[in-house]
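This report describes the fold and selected side-chain features of the protein shown below.

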Amino acid sequence: MPNKSNQPYKGKANLTVLFGDDEAESLPNSSVPFDAIQLPATQPRRYFDPQAMQCLVESVKIDGILQPLLVRPLSNGKYELVAGERRLRAAKEVGLKEVPVIIKELTEQQALQIALVENLQREDLNPVEETEGILGLLANRLDCSIQEAERLLYRMQNQTLRDNDNVIIQPESEVVAQLFQDLGKMSWESFISNRLPLLKLPEEVLASLREGKIEYTKARAIAKVKDEQARVTLLETAIAENLSLTQIKAQISALKSESQSAPPEDSLQTRIKVALTQVNKSKAWSDPKKQKRLQKLLVDLESLLSS
């Protein structure tokens, strides 16, 4: 697999896709001071690969910023970044005082939608980022929360399974179908079956997948390990040694064999826990003879633990 961090930066924001041919060509370019640009409160992109960022920084040092940033004017005289956060970070690293921009009047919702679409165009997008991006874009189109968009998708799936057909007539469902048709990446049915489960992966697996440390198929396999410590250890080993999917599955099989052959939880410890529960529930407290025996046992136990 080629290392994308070694590829020269060519500018990934496709304004034609965002605005159409005619409008994209009519958008004027200008330059604004670096300090006049601020980040939005909601940013679709959460992780920036250090190697890819360093590659971009080196490119900007040599060629400058080839693709203008997209910004929208704010009432305080500054500009809010809409698309191009990697380029803005690279400009800061290089120490540019001004950056090329395209200034466009946009509402907050329009700006978020454009940022989400631009994020989904990235070549280095991993499955988790893509899943979160599509959910964010869907929520934006429906003017609802991410959680509500996710629930709608599952309702659509249940309705389709129940009615045994693909006819979805609710207005919200039509928005969903149109969005996936526009994106052309996958069907909404495939998204629900194959992508939404990603967001339910154990946190450490999800974080590694989001950061591009491990492939999608390997992450899903490791996530099936129920024991948390064993899962974390396998994840760290798989990343450090770049284990293949076959090697990971072999280690998972070995873990299962060990688990099946291992002795049950310490029976003595379990018996003590059960006995204490029974003592608390028993009627021994109303019997003087039993109380004396319990007291003697307690003294013996305290003596044993203190030795």
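## The sheet

Five strands form an open sheet with mixed pairing, in the order β1-β5-β3-β4-β2. Strands are DSSP runs of E with at least two residues, helices are runs of H or I with at least four residues, and both are numbered from the N terminus. Two strands count as paired if DSSP finds at least two bridges between them. The edges are held by β1 (29–33) and β2 (37–38); each has a single partner strand, so one side of each lacks a neighbour in the sheet.

The model is predicted: local features need pLDDT of at least 70, side-chain atom pairs count only at pLDDT 80 or more, and totals for chains, interfaces and linings use all residues. Residues are numbered from 1 along each chain as its sequence is written, and side-chain values use heavy atoms, with hydrogens and water left out.

## Strand β3 and its partners

Strand β3 (residues 69–73) is mostly covered, with four of its five residues buried. Buried here means under 20% relative accessible area, exposed means over 50%, and partly exposed lies in between (1.4 Å probe, protein chains only). Strand β3 pairs with strand β5 (residues 98–103) in the parallel sense over three bridges, and Leu-70 has Ile-102 in β5 as its bridge partner.

With strand β4 (residues 79–83), β3 runs antiparallel, and four bridges join the two. Val-71 is bridged to Leu-81 in β4. The two strands β3 and β4 form a hairpin with five residues between them, and Gly-77 in the turn has a positive phi of about 90°.

## Overall composition

The protein has 15 helices and five strands. Of its 307 residues, 37% are buried. Among contacts with a separation of 6 or more, 69% involve residues 24 or more positions apart; a contact means heavy atoms within 4.5 Å. The accessible surface comes to about 19200 Å², and 51% of this belongs to carbon and sulfur atoms. Accessible areas come from the Shrake-Rupley method with a 1.4 Å probe; for residues, only the protein chains shown count as cover.

## Helix α10

In helix α10 (residues 203–210), the buried residues include Val-205, Leu-206 and Leu-209, together with Ser-208 and Arg-210. The cover over the buried residues of α10 includes α6 (127–142), α11 (216–223) and α12 (228–240). Just after α10, Gly-212 takes a positive phi of about 75°.

## Aromatic rings

The structure holds one aromatic pair. Phe-180 and Phe-191 form this pair, which is tilted, at 5.2 Å centre to centre with 55° between the planes. Rings of Phe, Tyr and Trp (its six-membered ring) pair if their centres lie within 6.5 Å; planes under 30 degrees apart count as stacked, over 60 as edge-to-face and the rest as tilted. Phe-180 and Phe-191 are both buried.

The charged end of Arg-195 sits over the ring of Tyr-216, 5.9 Å from its centre. This term requires NZ of Lys or CZ of Arg within 6 Å of the ring centre and within 35 degrees of the ring normal.

## Cysteines

The structure holds zero disulfides, a disulfide being a pair of cysteine sulfur atoms within 2.5 Å. Cys-55 is buried, with a relative accessible area of 17%, whereas Cys-144 counts as partly exposed at 25% relative accessibility.
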